[in-house]
Number of protein chains: 4
Amino acid sequence: VTSIASQTDTTAARLTPGELVAVTEAGRRLVACAEASVAICAETATANDQDGRFAFESIRALQESGFLAGPVPEAFGGGGVESVHDLMVAVSRLARGDASTAIAANMHLAGIAVIVVLLRRLRAEDDGSSIAVLEHLLEEVVAGRAVLCFPTSEPGTDLASPFTEAEPVDGGYLVSGHKIFGTISPIANLFFPTVRLPRPDGEGYLTATALITRDTPGLTIADDWDALGMRASGSNSIVMEDCFVPERHLFAVRDNYGRSGRWAPGALLANPPLAATYLGVAEVAHELAVESAGRRKGPHGKRMADRIPIQELVGTSEIDLAVCRAMVGRMGMLADDFMARHATSEPPQDEANALMKESQCMKYVVNHKAGEIVDRSMTICGGSAYMNTHPLTRLYRDVRAGPFMQPFSPYEAFEFIGKVALGLDPTIER
Amino acid sequence: VTSIASQTDTTAARLTPGELVAVTEAGRRLVACAEASVAICAETATANDQDGRFAFESIRALQESGFLAGPVPEAFGGGGVESVHDLMVAVSRLARGDASTAIAANMHLAGIAVIVVLLRRLRAEDDGSSIAVLEHLLEEVVAGRAVLCFPTSEPGTDLASPFTEAEPVDGGYLVSGHKIFGTISPIANLFFPTVRLPRPDGEGYLTATALITRDTPGLTIADDWDALGMRASGSNSIVMEDCFVPERHLFAVRDNYGRSGRWAPGALLANPPLAATYLGVAEVAHELAVESAGRRKGPHGKRMADRIPIQELVGTSEIDLAVCRAMVGRMGMLADDFMARHATSEPPQDEANALMKESQCMKYVVNHKAGEIVDRSMTICGGSAYMNTHPLTRLYRDVRAGPFMQPFSPYEAFEFIGKVALGLDPTIER
Amino acid sequence: VTSIASQTDTTAARLTPGELVAVTEAGRRLVACAEASVAICAETATANDQDGRFAFESIRALQESGFLAGPVPEAFGGGGVESVHDLMVAVSRLARGDASTAIAANMHLAGIAVIVVLLRRLRAEDDGSSIAVLEHLLEEVVAGRAVLCFPTSEPGTDLASPFTEAEPVDGGYLVSGHKIFGTISPIANLFFPTVRLPRPDGEGYLTATALITRDTPGLTIADDWDALGMRASGSNSIVMEDCFVPERHLFAVRDNYGRSGRWAPGALLANPPLAATYLGVAEVAHELAVESAGRRKGPHGKRMADRIPIQELVGTSEIDLAVCRAMVGRMGMLADDFMARHATSEPPQDEANALMKESQCMKYVVNHKAGEIVDRSMTICGGSAYMNTHPLTRLYRDVRAGPFMQPFSPYEAFEFIGKVALGLDPTIER
Amino acid sequence: VTSIASQTDTTAARLTPGELVAVTEAGRRLVACAEASVAICAETATANDQDGRFAFESIRALQESGFLAGPVPEAFGGGGVESVHDLMVAVSRLARGDASTAIAANMHLAGIAVIVVLLRRLRAEDDGSSIAVLEHLLEEVVAGRAVLCFPTSEPGTDLASPFTEAEPVDGGYLVSGHKIFGTISPIANLFFPTVRLPRPDGEGYLTATALITRDTPGLTIADDWDALGMRASGSNSIVMEDCFVPERHLFAVRDNYGRSGRWAPGALLANPPLAATYLGVAEVAHELAVESAGRRKGPHGKRMADRIPIQELVGTSEIDLAVCRAMVGRMGMLADDFMARHATSEPPQDEANALMKESQCMKYVVNHKAGEIVDRSMTICGGSAYMNTHPLTRLYRDVRAGPFMQPFSPYEAFEFIGKVALGLDPTIER
């Protein structure tokens, strides 16, 4: 890991034994690309964190290296990465340098993956107009001219029930609403908010995803992201006031999105690598602890690494790290298997729920264990790890973002998982 | 799972989604064979547990079905299973019916796997006399005439430092000592105790493994296994008094066995499936809980499964189960990769330590989480689960065996793992 | 602690520093009496546990020493113990010798305490007929002629909703029903089952407590207690078929017993010392671990106590023990304060709920931590602690009873506590 | 609690049931005084936190109200608080408003308490010169002219082994060294660093405490406190270069300070209320969660407080809070008992160790549980709790300070506690 190399020369060797590796050739290229970018991510992470400034340099570097075109099919000149497993590994690598960059990149990356799936399904259905829009979009990504943002969160509601409204007008829709957590928005030029639109029969709403270009009148990207952590992720508010969206820029119209386990591909494709971010955070935190223990000495000359209680703390983090890796790796393999079986059509609801159950198990464990590893690493490093000059203070704040990410909150995840396991309708009553 | 089928007809479907499956063709056959034997295991488990009686019926069934010849190479007429991963899956399946049977079978099974590795190495070294002994042994296993027991534990010492002594005499050795935890001993006819023998230079001891047939004068298999759980495993004491062992029946003589990470193949091959036992225990405990929640109703008519706190408990167990499966699956894959790379020669010490570190991470997590799942399942099932008629009382006692199994105790595991992670000599000072 | 004195001579000193002590003079006498009985409890515990035999000797010794008359007012010749705190300490001391004896004694003891409260309230209300019944009862207890059993649990319902029915007949009631967990029943001669009786308006039921003497026709005390642990507690089934109960033997008739926080004094007085049982179990388990660590040595001569990981495990148990003691002590003080403020009248519902909330916090923590201490003590003691000859195997099974004890199950406790804390009606929907 | 009153009008009532209250009359006055100051603490907390500015306003308010003279004996015009328990309660109250203020006030407050003990012992020994210094000091505190700071930490060593050196010169000492974590230093005018001085026999060092006034040449209070949390505590570095200290300003000279359990009164008196800080943090975090759950609604109108999983999370925090309160209360009572028994002389080493063991149990539990409560409160409050405008972000960062506070680190605490429990010399090898 380049970013840490300056601190310890044995990093590469130490991480190797149990660390996750890509399982496809395209994935290996993407991971190598991520590893080559860790240095730039890490270099800028501290300053961006202090200033609450977006990770422009890291994202641009990822754009230039072709990383951001990773999931674009090779036919379009992209990286051809189809494996969710390998996306997870790649995002976890980025997170070793900067977690904010990792979630920003994933917002775009997972979005592309969703578009590729959508395109495949549209082709199967032979739905011409939208195909052209999406194909053009992928070409723009490869050309380095498109960065995508998928804002879905809104205050006071859940992902399944957007309040942002698409009012049908001539030739399209007028979209108005207020999104939050619009990660990567400072650099994105294509926005895909989830919206609701009146059902034709007037009974409630359908949900869909709109494409709004950055220059659309009525679109405002606020500069209001000031959070405990993930401060360079640019997760700003996005306000839409009567933004015109042409008909063919409205995708994935569906009944009752997300509810009752009608998971859009986005939830299935975007969440796993998002959770993998915290594996990378945990890996680098643990590495800082191991390095510190090998270097520091007590007042009577004993090296921290030679003290058994420190060895046991390191051992505990190794166990937690093994668990995170096992869970991320397993989820990647399950997702790849699932995607292969449902490449060109909507998966059955119960299978989607079963996969989402596994995804939520993974998310909870990785979020939780990563937090513990960061916390334990601070303990191993001692008092200096409480000072703002120490990188662990950033990791401590970044890692807390995980449990907030939807779906689900911890208090919903257990209920959802249990309901699926018990064969019940997994809808959470809110 | 046959054993549970009588209780609920949806078991098979429910376990399927995330459960582990074999990765080789030979492994799939072994797992199918285990699944076919779950019924007999489960049927006899309760009575054997109550009486502290060895699982004769189950082990004989496994012998007849060829399961016990699973890891014997196909050239000898065996099952040809080489994958540690698949051994782990097969043992976990058996444990769904009866954990005692699973650890008894694994004692024999892992022993065969070790012998196969040893044979391969001896052939590479062209060491004739022992080759013949081992080849004959494998033939006997296939013919259903050999059941193997590898007693290694002794009171007051650790696995690396046997007190059982092999005194050199004309044509062989006289072996004397006292082993405990001699699992499968009631039915075994070939015993492979670890022994120590004086170094030629008189400075301390070498360690080795002796082969003693059941009819050897001086060998006594006690009938003294009376433990909290695993009561049908026949883990009796084994006393040897001047048992004569011919020269060619002494194997794997080595300096300083086990210490400083000089892991014999036994430790690397036997422990992973042993730990996998607890995955099977956890799976069946969770299944009992899910089944109970779906069936029982409260005083005002509400089904337990429809109560959100119960759903959350079920969800918590699902998370723990996903962790166990992920850890077992990952360990299996790491072990298979390791074995493939070191098929015919002793692996380098640091690589063996690195693998043992991962193995210990897996063992700790699976032991610990399986215990929690059993405990939580009791809570879900309510007061009836405290009565001796309820299968969970057996699982609660069986599952506690895990942390006692060597190597390592929990208090040693963290230190060992930490020492390896910190690049130190992992010897535990005892 | 007499029971352990034979194993280690430093026990008394070791337990002293932070252990709980009585806060009233009468309480100190009761605790001294309990401590004097620990030896007889411990001596018979193992054999009773193996045979599933009731702790006759211990209970008789407690009867002879006056312990069982502890909470009877001095005016009746009793011990005059009013402090719940001190009852908790006394029961925890008994449990060091035998947890079965402790819960059996507490069934009777807490029942007396409830009767004393009831008597005080009846006198305030000047309700003559029942007063005489209860006064006579207290005299019988002091004379060593009465042992009380309060069976409340039934299959398929909760404590608040007994199915056992009291059918009004001439001069009294005919009681029929089926109670389980009738602790102390083998030696008890007075039974106080909770019953329901038709409301006068025909709308649903009232609840009450009936007094049935052992020789009442229709009363059957089964000999069917065969559980994982608490095997000497005699927690048999009790079947009542048309048992005649005279009018004045029906007490505490109330609307909607237990529901919505209408806690009978029984729930408030009986549960805290019941939970204190597990403190005693934890104390003795920890002591066994400390003693073992000071005695055993590893193969290379190092004493277990001198190994840092063992010290840390002991330290962890010390922390858990400090938590248990702090929680038991605090609950005792809160309950004493509450009882003093509501000596002669029913407490307001919200205050009773607030106290029950604290009681449930204490119960959960003590049950949970005691379980962890027993488990950890087994780990410290090593493999011998898995053999049935080791006292920890009994403690491991006994301690699991705690979470089953009502009210509440763990999955209900969190909901109840949260509802009270949030100012909601704490009724659990079942 | 004034600070929260603006957010919810039911706060006072809600906290009341189980919250800690003072046990002495003087203590009740101190706690009332703390409660009256919570508003000013809370008002300034956010801005001070953002700017990393010392809590001047809060500390001045505490000085003016007489709070800072709380432990000064009434004979000197002080508050006459002798109870450690009540100091703990008072500090926990302050922490509800601002944890930085609480630890700053405690640095001064506990220092006074130590001086009072020291003065009592000096009088018993009739050591005139130092008595006058300390008496004058207490008068200055009452007059509002003295604020005390006791810097003890230094980089690269532990509290027991200061590197700061007192070189004997004519009429006193020249003190040189570098202290860190000099809490309250921005406003303090009297500094009491721990120092070492050569033993008369030239063999190693003695330790002592020096009194250095702020205007002493060579004393520099840095403005370098920039930490993750506790940002208003002014825990700056303090550099001393040849600061002249007259002979009578050197106190508590002792062999081998702190090592082997030779605990100075400071460690026994200062740490308990320091740990109590985190109780206050936990109380306010939990209150924010309860308030939020009662106010917020989901997209389909369900109030968060009415969702069972939220109730269970609130219940979990209630349990954790009950544990924190029980541990703080118990420790206060144990410390008061200890201090009463050793008012005028140094306590025996083993008793001091036993008390420090209990103190460490309390510290670990309160630090740990407070962290969990804050974390859980963030989960209950939802995504808005990740924004810097939310008070929980400050609490999340403040609460992490606890485990760093010496003595001991978590990895040392378990070893220390275990060693004492096992009857061993509790010296930690560093």
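Let's start with Ala110(A), which sits in helix 6 (residues 99–125) of chain A. Everything below comes from a predicted model.

**Ala110(A) and its surroundings**
- Ala110(A) has a relative accessibility of 2%, so it counts as buried.
- Gly266(A) is 156 residues away from Ala110(A) along the chain, yet their C-alpha atoms are separated by 7.3 Å.
- Beyond its neighbours within four places in sequence, Ala110(A) is in contact with Leu269(A) and Ala270(A).

**The nonpolar core**
- The largest nonpolar core has 533 residues.
- Phe67(A), Phe67(B), Phe67(C) and Phe67(D) are the residues with the most contacts inside that core.
- Setting aside neighbours within four places in sequence, the contacts of Phe67(A) include Leu30(A), Cys33(A), Ala34(A) and Leu62(A).
- Ala90(A), Leu94(A), Ala105(A) and Leu109(A) are also in contact with Phe67(A).

**His286(A)**
- His286(A) belongs to helix 8 (residues 265–295) of chain A.
- With a relative accessibility of 4%, His286(A) falls under the 20% cut-off and therefore counts as buried.

**Helix 6 of chain C**
- Helix 6 (residues 99–125) of chain C has 27 residues, which at 1.5 Å a residue should span 39 Å; the end C-alpha atoms are 38 Å apart, in agreement with that.
- A kink of about 25 degrees is centred on Asn106(C) in helix 6 of chain C.
- Of the 27 residues in helix 6 of chain C, 23 are buried, so the helix is largely enclosed by the rest of the structure.
- Where helix 6 of chain C starts, a side-chain oxygen of Asp98(C) comes within 3.3 Å of the backbone nitrogen of Ser100(C).
- Asp126(C) follows helix 6 of chain C and has a positive phi, near 60 degrees.

**Helix 5 of chain D**
- Helix 5 (residues 84–97) of chain D has 14 residues and reaches 21 Å from first C-alpha to last, close to the 20 Å expected at 1.5 Å a residue.
- Since 14 of the 14 residues of helix 5 of chain D are buried, this helix is largely enclosed by the rest of the structure.
- The N-terminal end of helix 5 of chain D is capped by Ser83(D), with a side-chain oxygen 3.2 Å from the backbone nitrogen of His85(D).

**The three-stranded sheets**
- In chain A, 3 strands in the order 1-4-7 make an open sheet with mixed pairing.
- Strand 1 (148–149) and strand 7 (212–213) of chain A are at the edges with a single partner strand each, so one side of each has no neighbour in the sheet.
- Strand 4 (residues 190–191) of chain A runs antiparallel to strand 7 of chain A, and 2 bridges join them; Leu190(A) has Thr213(A) as its bridge partner.
- Chain C also has an open sheet of 3 strands in the order 1-4-7, with mixed pairing.
- Strand 1 of chain C pairs with strand 4 (residues 190–191) of chain C in the parallel sense over 2 bridges, and Leu148(C) stands opposite Leu190(C).

**Strand 6 of chain C and its partners**
- Strand 6 (residues 205–210) of chain C has 5 of its 6 residues buried, so it is largely enclosed by the rest of the structure.
- Strand 5 (residues 194–198) of chain C is joined to strand 6 of chain C by 5 bridges in an antiparallel arrangement, with Arg196(C) partnered by Thr207(C).
- These two strands of chain C form a hairpin with 6 residues between them, and Gly202(C) in the turn has a positive phi of about 80 degrees.
- Strand 10 (residues 250–255) of chain C runs antiparallel to strand 6 of chain C, with 4 bridges joining them; Thr209(C) has Phe251(C) as its bridge partner.

**Backbone details**
- The peptide bond between Pro407(B) and Phe408(B) is cis, with omega about 0 degrees.
- Phe408(B) lies in the loop between helix 11 (391–398) and helix 12 (410–421) of chain B.
- Asp242(A), in strand 9 (residues 236–246) of chain A, has a positive phi near 50 degrees.

Note on methods:
Residues are numbered from 1 along each chain as its sequence is written. Chains are lettered from A and ligands numbered from 1 in the order in which they are written. This is a predicted model: local features need pLDDT of at least 70, side-chain atom pairs count only at pLDDT 80 or more; totals for chains, interfaces and linings use all residues. Side-chain values use heavy atoms; hydrogens and water are left out. Two strands pair if DSSP finds at least two bridges between them. A nonpolar core is a set of buried Ala, Val, Leu, Ile, Met, Phe, Trp, Tyr and Cys residues joined through side-chain atoms within 4.5 Å. Buried means under 20% relative accessible area, exposed over 50%, partly exposed in between (1.4 Å probe, protein chains only). Contact means heavy atoms within 4.5 Å. The expected span of a helix is 1.5 Å times one less than its number of residues. The bend at a residue is the angle between axes fitted to the seven residues ending there and the seven starting there. A polar contact is a pair of N or O atoms within 3.5 Å; within protein, one must be able to donate a hydrogen and the other to accept it, and residues adjacent in sequence count only if both atoms are side-chain atoms.
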